[in-house]
Amino acid sequence: MHPMGSIIPLLTEFEKEHLSERQPLPERYLGLSDAEMASRIAIARATLGNRLLILGHHYQRDEVIRFADFTGDSFKLARHIATRPEAEFIVFCGVHFMAESADVLCAPHQQVILPDLAAGCSMADMAEPEQLQQCWEDLQKMGVAAGAVPVTYINSAASIKAFVGEQGGTVCTSSNAEATLRWAFARGEKVLFLPDQHLGRNTAFKMGIPLDQMVVWDPNEESGGLDSEQVRRAKMILWKGHCSVHVRFTAAQIAATRAQYPGIRVIVHPEVPLDVVQAADDAGSTEYIIGQVKGSPEGSVWAVGTEVHLVNRLATEVAPGKTVISLDQFGCLCSTMFRVSPNHLLWILEELVAGRVQNRVTVSEDQKHWNRVALDRMLSIQ
Ligand code: SF4
């Protein structure tokens, strides 16, 4: 059994709400041994051949990601979609917003499948299209919308990406956030950044924008909880959203880790709060973290602040020459990523072999155009 197999993830309010929509896994797919699932998944993959492309996000569990044709962060996986036009079925082992983006970026003959439709993202759910529409109207009333460029992190719903694309903005990932802000400031005097306030703040601060030129827009407050003067003075308007996994990392954990392991290097994902980035030695996307750890000299000892499946896998891959531990001793687990199980993957693949498509994710035609505009801008910014 996988080391995380015994952990029952705590459910967020978002997950409790969406569990009711979850596709029931047929009973015959429950209680299978790891060995049987691995063997049947391998048979189904071989049967489907080039008609199938499996993409696996770094935060997926080992027993799922080992079947991926490509692994990566959101940015890297989005780029892989165009490289396999012969694949009819793109099985996305990740979360819902990633499958939506894949549906926008793939060709019309390709279908995108999410093994478990309950695999959402609580951060993406913190920005709803009605809230963004209201925010934009408020910014118009304050007289600042014309000079503001909206930028949404890829961890957002297709409806949000469509809005941003239509308003001349773009999508960004943690890999290209800094380049995206440069792109945006070349086009406007301020940026509305959503839904992750921490990625926006960390990136802008690194670029030299002082904290007193950043405000937090609370979508649950009238006018974001801000007055016109505060918004007019700000260069960065940060949406009040966060990742429930990455906000669990703290500067106190870094201090305790350094005391326990003198000389340890601490690297974190930029979805963590600013004080944690400040206390760490380095910060960057999952691809950046992997590159830094793998490229470090033999004997290096690292504490990594991101989702625990990536951290554990990295530890195994670089051992015995290097040591990698999680910055949080209990390991921060993304419970929605964890919903994609080998049982779901097996079910999806055997259904495809039988000629049935389950759990297809589609973006409505009226949203596709502006999603594509926004995502193409994202892919062009590096
Ligand atoms: S790690 Fe955070 S941002 Fe990523 S999918 Fe999970 S909840 Fe969403």
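## Model and confidence

Residue numbers start from 1 along each chain as its sequence is written. Because the model is predicted, local features need pLDDT of at least 70 and side-chain atom pairs count only at pLDDT 80 or more, while totals for chains, interfaces and linings use all residues.

The chain has a mean pLDDT (the predictor's confidence in each residue, from 0 to 100) of 93, and 94% of its residues reach 70 or more. Over residues 1–20 pLDDT stays under 50, and the model has 23 contacts beyond four places in sequence for them. Two residues are in contact if their C-beta atoms, placed from the backbone, lie within 7 Å.

## The four-strand sheet

Helices (H or I, at least four residues) and strands (E, at least two) are DSSP runs, numbered from the N terminus. Two strands pair if DSSP finds at least two bridges between them. Four strands, in the order E11-E10-E12-E13, make up an open sheet with parallel pairing. Strand E11 (282–283) and strand E13 (323–326) are at the edges with a single partner strand each, so one side of each has no neighbour in the sheet. Helix H14 (residues 308–318) packs on the sheet and touches E12 and E13, its direction making about 165 degrees with that of E13. For such angles, axes are lines fitted to C-alpha atoms, for helices over the stretch in contact, and the values run from 0 to 180 degrees between N-to-C directions.

Four bridges link strand E10 (residues 265–268) to strand E12 (residues 301–305) in the parallel sense. Arginine 265 is opposite tryptophan 302 in E12, and valine 266 has alanine 303 in E12 as its bridge partner. On E13, threonine 323 is opposite valine 301; E12 and E13 run parallel and are joined by four bridges. The β-α-β crossover from E12 through H14 to E13 is right-handed, meaning that with the strands pointing away from the viewer, the path from the first strand over the helix to the second runs clockwise.

## Valine 268

Strand E10 contains valine 268. This residue is buried, with 26 other C-beta atoms within 10 Å. The term buried applies when 20 or more other C-beta atoms lie within 10 Å of a residue's own, exposed when there are 12 or fewer, and partly exposed in between, with C-beta atoms placed from the backbone. In E12, four of the five residues are buried.

Beyond its neighbours within four places in sequence, valine 268 has contacts that include Phe249, Val276, Ala283 and Leu327.

## The five-strand sheet

A second open sheet has five strands in the order E6-E5-E7-E9-E8, paired in parallel. E6 and strand E8 (214–217) are its edge strands, each pairing on one side only. On average, neighbouring strands of this sheet are turned by 25 degrees against each other, direction ignored.

Strand E7 (residues 190–194) pairs with strand E9 (residues 236–239) over three parallel bridges, and valine 191 is opposite methionine 236 in E9. H7 lies across strand E5 (148–153) and E6, at about 155 degrees to E5.

## Helix H16

Buried residues of H16 include Gln367, Trp370, Asn371 and Met378. Among the elements covering the buried residues of H16 are helix H4 (74–81), helix H5 (96–105), helix H7 (158–166) and strand E6 (170–172).
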